[in-house]
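Here is a friendly walk through one protein model, written for someone who likes to know the cut-offs behind each term. Have the viewer open as you read.

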Amino acid sequence: MRQIVVTGGGTGIGRAVAEVFAAQGDQVVITGRRRDVLEDTAARLGGAVRAVAFDASDPEQVQAALDALPVRVDVLVNNAGGNTGIGAEAPSGLAGVAAAWRANLDANVLSAVLVTSALRPRLNPGGAVVSIGSVAAHRGGSGSYGAAKAAVEAWNLTLAQELGKQQITANVIAPGYIESTEFFRDGMTPQRRATLLAQTSNGRAGTPADIAATALFLASPAATHITGQTLHVNGGAHTAR
């Protein structure tokens with residue numbers, strides 16, 4: 001029975017990831033900042049899932065949570081993050097710009113780096129680290145969020161090289177437009193949605209289940225020779241060569 005840790009596992013993509021691993025008999029720990037949301041999700045997904053609440057971008061909270069996390073980890077899914085600029089006022093002055101950029105870097109890069117570093121001694125040989133990136137890393141218009149997700153991909157290259165010595169893979173999934181998440185809050189208009197769908201080849205939005213299925217594959221025996229890669233899951237809205 002494998003031990004799985006999913007950060008940002010209370011809703012959206014993280015919840016879907018937890019669900020697919022639990023459905024195949026793995027033991028799953030979901031983490032996040034909102035204890036009530038995590039505990040509700042764990043209760044709904046059943047006894048194979050338990051919740052541990054902490055802020056993945058806070059070194060002290062990550063350290064304090066270690067006793068509650070598995071002593072052996074087969075799969076780590078770094079899903080915590082999001083665009084902290086959505087819904088926020090435009091930054092004012094250089095101090096405001098710095099704070100806005102740090103917020104996205106903390107939420108998306110530092111969270112993955114801290115949790116991976118903390119759990120690295122516990123990663124089981126033959127296991128996998130899967131980090132959630134974004135198509136925003138390959139397109140303009142997303143500012144600090146796109147830059148943060150690009151940094152996740154760059155960091156993953158080094159991580160794959162280091163973990164490869166233990167036969168542990170490290171890959172990034174870069175979703176395109178995914179519906180049924182909290183990502184856009186109330187900011188998705190019908191016009192914007194139509195534009196995003198028109199960019200795809202298959203004419204549909206992605207779902208959390210699409211990303212969860214990709215994570216399950218990357219953590220499977222079928223993917224042990226895939227590492228250091230970014231897999232684009234966006235219906236053809238962005239293609240990688």
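## The second largest pocket

Fifteen is the place to start: the second largest pocket is lined by 15 residues, and N83, G85, A100, N104 and S144 are those nearest its centre. Helix 4 and helix 5 (143–163) are the elements that each give two or more residues to this lining, and helix 4 supplies the largest share, four residues. Helices here are DSSP runs of H or I with at least four residues, strands are runs of E with at least two, and both are numbered from the N terminus. The volume of this pocket is about 200 Å³. By class, its lining holds eight nonpolar, six polar and one charged residues; Ala, Val, Leu, Ile, Met, Phe, Trp, Tyr, Cys and Pro count as nonpolar, Asp, Glu, Lys and Arg as charged, and the others, Gly among them, as polar.

A word on how such spaces are found. A pocket is an open set of points, on a 1 Å grid over the protein atoms alone, where a 1.4 Å probe fits, with protein on both sides within 12 Å along at least five of seven lines; lining residues have an atom within 4 Å of a point. Grid points are joined across faces, edges and corners, and the volume is the space filled by probe spheres set on the points.

## How to read the model

Please keep in mind that this is a predicted model, in which local features need pLDDT of at least 70 and side-chain atom pairs count only at pLDDT 80 or more, while totals for chains, interfaces and linings use all residues. Residues are numbered from 1 along each chain as its sequence is written, and side-chain values use heavy atoms, with hydrogens and water left out.

N108 belongs to helix 4 and counts as buried because its relative accessibility is 2% (buried means under 20% relative accessible area, exposed over 50%, partly exposed in between, with a 1.4 Å probe and protein chains only). A polar atom of the N108 side chain lies 2.9 Å from the backbone oxygen of N104. Not counting residues up to four places away in sequence, N108 touches A80, G81, G82, Y145, A148, K149 and V152, where contact means heavy atoms within 4.5 Å.

T116 also sits in helix 4 and is likewise buried, at 2% relative accessibility. Its side chain is joined to that of N78 by a polar contact of 3.0 Å. A polar contact is a pair of N or O atoms within 3.5 Å; within protein, one must be able to donate a hydrogen and the other to accept it, and residues adjacent in sequence count only if both atoms are side-chain atoms. Beyond its neighbours within four places in sequence, T116 is in contact with L76, N78, V129, W155 and L159.

## Nonpolar cores

The largest nonpolar core has 29 residues, and F54, L76 and L119 touch the most other members. Helix 3 (59–65), strand 4, helix 4, strand 5 (123–132), helix 5 and strand 6 (169–175) each supply at least two residues of this core. Another core, of 26 residues, lies apart from it, with A22, L45, A212 and A215 among its members. A nonpolar core is a set of buried Ala, Val, Leu, Ile, Met, Phe, Trp, Tyr and Cys residues joined through side-chain atoms within 4.5 Å.

Which residues does L119 contact, leaving aside its neighbours within four places in sequence? They are V5, L66, L69, V73 and L76.

Q3 is in strand 1 (residues 3–7). Setting aside neighbours within four places in sequence, Q3 is in contact with Q27, P70, R72, V73, D74 and V75.

T230 lies in strand 7 (residues 230–233) and is partly exposed, at 26% relative accessibility. Its side chain makes a polar contact of 3.5 Å with the side chain of E153. Not counting residues up to four places away in sequence, T230 touches E153, V172 and A174.

## Two loop residues

I86 is found in the loop between strand 4 (73–78) and helix 4 (93–119), and counts as partly exposed because its relative accessible area is 21%.

Q167 is in the loop between helix 5 and strand 6. Its phi is positive, about 60°, although Q167 is not a glycine. Most residues other than glycine have a negative phi. Is Q167 buried or exposed? At 60% relative accessibility, Q167 is exposed.
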